[in-house]
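Please open the model in a viewer and keep the selection panel at hand. The stops below cover a pocket, a cavity and a sheet.

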Amino acid sequence: MENSIVFSHVDKAYGSNLVVEDLNLEIKKGERLILLGPSGCGKTTTLRMIAGFEEITRGELYMDGKVVNDLAPGERNIAMVFQSYALFPHLSVWDNITFGLQIQKLPQEEIIKRTNQALEILHLQGYENKKTYELSGGQKQRVALCRALVKQSPYFLLDEPLSNLDAKLRQKARTELVKIHELFKPTMIYVTHDQIEAMTVATRIAVMNGGKIQQIDTPHNIYNHPANTFVANFIGSPAMNIVKAKVVGNKLIIGDSCVEMPVDKAAMVAGRGEVQFGLRPESSIPKKENPMVKGSVEFLENTGNLQTVSLTLPSGELYYIQDSNQDTDMENIAGFDFDWKKVCLFDAETGMNLEE
């Protein structure tokens, strides 16, 4: 596929330490793919292999249909934004942005046109002659984005570019990134450990752990249909509730509560003695009387728009419920109800979603 990136059975090892293992991934032309996962999961290494900064130990990397394992970074036609921004402190904003274009020996008229357009998009007009050490963190981040933007590359790589910004600036910068992408439509690969960034920016998310992709899908499917308990736990704040449950015929025992399963769920867990029951906090319906699953309130946190209650089940497991209704008396709930359509059931041993 034109301008797509394909990893075919790619490994990356440092000596005996395998940090990316048997990676098979196609990044579609023009999409916003987020590589999401905890520190050390291999996401930055994957990005750096695309950029050509890391050699591939085994397998092939294709860009625009050609194997590029041995192609130098400067020949891959990529634009990259680093976590540290990597700006030249002794140069002005204008010179930082135009540095790469000057090296390419583009016509001066084209350099001026591209740079002025990027400055306008990222609201940096008036800062052209300032040195970068005079700028705030948010301004430096926008200069780094400008420098990448003016290259007009088909590949736009971002390595945790917003991690040095405060929460309000990060929210604004996420919006700017999506607008930039919609304007130029590059293939964007974005590394982050921040699930909010991933959910708001991505058209697809690849969740990584231990050098392997755990799931790759849309933000909606990643959130509502996690492939395994790692993804379920990593996405969401609080994370998906996952508690042990015993299977007895067509009933599920959660804590000391016995709940009858619908036919499809009962068939799914038939023959299993135990499963893991998964439900998002906001899908758990608080009940003061006769709840499907009993529990006792341990702690209530009110953040204005949400109430989050920590519930202790009779089995000792902690369970979270979120409710946006400020009129609900969450301090005195006796447990929760739920809709079986919102439930995920996972294998007790492997943690894999039984619906996958």
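Which residues lie nearest the centre of the largest pocket? Select Ile78, Ala79, Met80, Gly100 and Lys151, which are among the 20 residues of its lining. This is a predicted model, in which local features need pLDDT of at least 70 and side-chain atom pairs count only at pLDDT 80 or more, while totals for chains, interfaces and linings use all residues. Residues are numbered from 1 along each chain as its sequence is written, and side-chain values use heavy atoms, without hydrogens and water.

A pocket is an open set of points on a 1 Å grid over the protein atoms alone, with protein on both sides within 12 Å along at least five of seven lines; a cavity is a set where a 1.4 Å probe fits but cannot get out, and lining residues have an atom within 4 Å of a point. The largest pocket holds about 550 Å³ of space, a volume being the space filled by probe spheres set on the points, which are joined across faces, edges and corners.

Next, select α2 (93-103), which with β6 (78-81) and α4 (137-149) is one of the elements that each supply at least two lining residues. Helices (H or I, at least four residues) and strands (E, at least two) are DSSP runs, numbered from the N terminus. The largest share, 5 residues, comes from α2.

Move on to Arg114, Gln117, Ala118, Leu149, Val150, Gln152 and Phe184, which line the largest cavity. Its volume is about 30 Å³, and helix α3 (residues 108-121) gives the largest share of the lining, 3 residues.

Finally, select Val293; its bridge partner in β20 is Phe336.

Key:
Two strands pair if DSSP finds at least two bridges between them.
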